[in-house]
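Student: I have the model open and would like to understand the terms used for it. Could we go through them one by one?
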Amino acid sequence: MFADLHLHTNFSDGTYSPEELAGHAHRLEFKAIALTDHDTVEGCARMTVACQQNGVEFIPAVELTAEHNGHEIHVLGYYLDTANPVLLTRLAECQQVRQDRIRHMVARINDLGIPLAVQDVFELANCRSPGRPHVARALWQREFCGSIDEAFDRFLKKGKPAWAPKLKMSTQEAIDLIHQAGGLAVMAHPGLTRADELIPELATQGLDGLECFHTKHTPTVAENYKALATRLNLLITGGSDCHGIAKGKPLIGTIKVPYSYVEKLKTRVTERALDRGLLLASNSSR
Ligand code: AMP
Ligand code: ZN
Ligand code: FE
Ligand code: FE
């Protein structure tokens, strides 16, 4: 019994539709999966149906971009109320910044003499939460570069000419935003973030968990983060961070997190709801 708690669809920068992703989860015999699209929960409605049809347990989630002490920190939110108005308003703002950022990045690429049309990027992205991978794919499709990696290396990486910032909320805001929507806040891929010294501080901000298992973490790195999570009383999570087909094959299936970790997430979220009186209210209204 395994889970993958970090997956993207074409509602952000993944290439699979919710139905394709649920189909892969079924084929790989996952018991549970979470959808963690960047700055959007729009894919969760279709994932709920698709996972039900495939006999896979579905966990609604999101991946936010936050910042603390100058470090970009990705914060995953699990078991969110995807209709929470405060959450949806803030996500809409993040999406607006993402769309403005695409125009800005394409303008910088045009300044370099490359006639990429912004409309081509938006058409390829076909979602409200576009990102750099869409610009890279459009550049590649129009043969302005030879590969996605080349697009990042030449234009899109931080410090390269077409790089532009995203909306970055503070980690405290990200954690509070997830909590007020009933969710659990988890720091994504700490091994990629390389700001381990900040993790105890994030725990005091209310962080609930640490993504110990990730495609970019070696087994040793994962073990070290598990020990740190245990020390700080943080929940342990993990996922493949699959964005669809990349370099020939998808990442889904490469990380298989024991389902017992999902049970611990569920226990924590139920305790939290009890604390907030939400369960009491809903029981008395039945
Ligand atoms: P954005 O959210 O628009 O800043 O884009 C970040 C996403 O781009 C990440 O989630 C990765 O999927 C992808 N990405 C970041 N760096 C690279 C890279 N060097 N090559 C390919 N994809 C990348
Ligand atoms: Zn991504
Ligand atoms: Fe991330
Ligand atoms: Fe991700």
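Student: What is the area buried between domain 1 and domain 2, and how do you know that it counts as buried?

Tutor: This is a predicted model, in which local features need pLDDT of at least 70, side-chain atom pairs count only at pLDDT 80 or more, and totals for chains, interfaces and linings use all residues. Residues are numbered from 1 along each chain as its sequence is written, and side-chain values use heavy atoms, without hydrogens and water. Buried area is the accessible area (1.4 Å probe) that two parts lose on being put together, summed over both, and for domain 1 and domain 2 this comes to about 1,000 Å², with 47% given by carbon and sulfur atoms. On the side of domain 1, Asp13, Asp39 and Glu42 lose the most area to domain 2, together 46% of what that side buries.

Student: Which residues make up domain 1 and domain 2?

Tutor: The assignment, which is automatic or from a database, gives 2–84 + 169–284 as domain 1 and 91–156 as domain 2.

Student: How many residues of domain 1 are in contact with domain 2?

Tutor: Contact means heavy atoms within 4.5 Å, and 16 residues of domain 1 are in contact with 12 residues of domain 2.

Student: Why is the pair Asp39 and Arg98 called a salt bridge?

Tutor: A salt bridge needs a side-chain nitrogen of Lys or Arg within 4 Å of a carboxyl oxygen of Asp or Glu; the closest N and O atoms of Asp39 and Arg98 are 2.8 Å apart, so the pair qualifies. Between domain 1 and domain 2 the count is 2 salt bridges.

Notes. Chains are lettered from A and ligands numbered from 1 in the order in which they are written.
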